[in-house]
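Try each task before you read its solution.

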Amino acid sequence: MPDDQVLSTEAADVEPDDLVSDGGAGDGGAPPADADDGGPKQVRFPTALTVLAIVLGVVWIASFFIPSGTYKVDPETGGPVPGSYHELPACKNVEEGTICVDKSVGAQFKLLWRAPPNGLYGIQSATTQYVSPDEEGFLYGSAQIFFFVLAVGAFITVTMKTGAIETGIGRLAKRFSKTPIVLIVVLMAIFALGGTSYGMWEETLGFFALLVPLVLALGYDRMVAVSIIFLGAGTGVLCSTVNPFATGVASDAAGIGLSDGLGLRVIMLVVLVPLAAAYVIRYAHKVHADPASSLVAGDLPPGEDAAFLKDADVEVPELTGRQKAVLVVFFGAFLMMIYGFIPWNDLWDTFFSKKFPLPTFGSFYFTEASMLFLVGAVVIGLIAKFGEKKTVDTIVAGAADFLGAALVIVAARGITVVMKNTYITDTVLHWMEDAVKGSTAAKFSAVAFLVNIPIAFLVPSSSGHAALVMPILAPLADFAGVQRSMTVTGFQSASGFVNLLTPTSAVVMGGLTLAKVRYDRYLRFLAPFLAVVFVLVMIAMVVGANFYAT
């Protein structure tokens, strides 16, 4: 799910201010930002929309000083032709029909003023590459993705309202309580599946109240509960295979299909998820054998854990027949989306030189997927007997919860509209083209991962991050002789990497607060795992570059 979704704290029973604390208990906790204790107020990191608004202003100012230019476009690939860059003249004395640039303050301000709306529904001219609603060409704005995000938000919210997902995981936890290692593996696999398929992250806050007492009752510590959730879902997000909010948005912005590069991402998922599970199991064994070795030992006052343990024996209700049907529709919708996004005929022709034997959707992308999830939300409402009003209200509420993420995508696309319409995108590409000349595909792919790490800190929304960097990073892959899918994999790996540790995340800080684990303790636990993941991702990028070379 998108990082900047408006979180509902009701299910997690946590106050909004808790979501921005340092996650600590005891001496590690910080007072709420509005506490009147005479001390300095807590500094909050700006929201994704604010960061993008600042970036928009900086890019607009920079457009006055960066020369405007353009490449010739390859009619077959749609990408820039290396070596064809040329600067554009000013519009004062040029012949009619010549592409030119007016850098007067008035003209530039109009571009800035219209950028966000054009980021939603702007049309890119097939001849001048200019973006506005009045052009003839193809949709450059993010209207399809905007509606898709709202549809997914409605679908997930209606499903969560039935209690089917929470109850299902609760039943699994109880069933495997006598075999805790199997429980850890199963739960992490489920969280990883959610992370890789639809970006499960914010929803994890609802599971801390269930898993913390259960894990304590099994003789482990609170860090094990945190790691099951965060390393499970987080590793899945890092290895997003078809996550629409990361891989989907990035692939769209890069001008490629969602299935491009899927093989490498699946291999990363198969390697890193078991690694995460082994890391958690190793720590759990250590704590079970020697409770004093716990990283959170002594952080809470005596008897504090007993408050968690009193909930360990709470009976989790059986899944009702309706909830089972809801889960079938829920997972069936995502499986159908995955099936629709994969170009089966192309893959079958590549590997077997024949057509795919089963029926396919032919044309299936964000428009079709949006309706899939909207209809799915209605079907789940009918199954759960919500009635017309409750179903509609929940759909609207779910779409509203995801509106922030959708607006972030539009804002990010608006930034690229400014760069497009001032013709500085190709200039930046030209500078970078010179920088990557002679660079090997492996080196470029590794850099594609590294450069996205600091950007992920500045733009915490994976959707906004993707829409911001892909229009520049993806064409650079053409110059480096590597497929654009490698830039998508590099972006999402960096975004997922930062996602696990950033203190600006309401999910990280909120989850730690719910589990009463200090942020510094969590970082100490996480650091060795992240070091290994960093090395493995770099290896994957280097090896993948050779496999996906053009």
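**Exercise 1.** Classify Arg484 as buried or exposed.

Solution. Arg484 has 18% relative accessibility, so it counts as buried. The cut-offs are under 20% relative accessible area for buried, over 50% for exposed, and partly exposed in between (1.4 Å probe, protein chains only).

Before going on, note that this is a predicted model, where local features need pLDDT of at least 70, side-chain atom pairs count only at pLDDT 80 or more, and totals for chains, interfaces and linings use all residues. Residues are numbered from 1 along each chain as its sequence is written, and side-chain values use heavy atoms, with hydrogens and water left out.

**Exercise 2.** Find the salt-bridge partner of Arg484.

Solution. Step one: apply the rule, a side-chain nitrogen of Lys or Arg within 4 Å of a carboxyl oxygen of Asp or Glu. Step two: look at Asp478, whose closest N and O atoms with Arg484 are 2.7 Å apart. Asp478 forms the salt bridge with Arg484. Asp478 itself is partly exposed, at 30%.

**Exercise 3.** State which parts of the chain the salt bridge between Arg413 and Asp252 links.

Solution. Start with the distance: the closest N and O atoms of Arg413 and Asp252 are 3.4 Å apart. Arg413 lies in helix α15 (residues 403-421) and Asp252 in helix α8 (residues 244-254). The two are 161 residues apart, so distant parts of the chain are linked. Helices here are DSSP runs of H or I with at least four residues, strands are runs of E with at least two, and both are numbered from the N terminus. Arg413 is buried at 5%, while Asp252 is partly exposed at 25%.

**Exercise 4.** Find the nearest side chain of opposite charge to Arg265.

Solution. Arg265 sits in helix α9 (residues 262-289). Lys and Arg count as positive, Asp and Glu as negative; His and the chain ends are not counted. The nearest opposite charge is Asp260, 7.7 Å away. Arg265 is buried, yet has no salt bridge.
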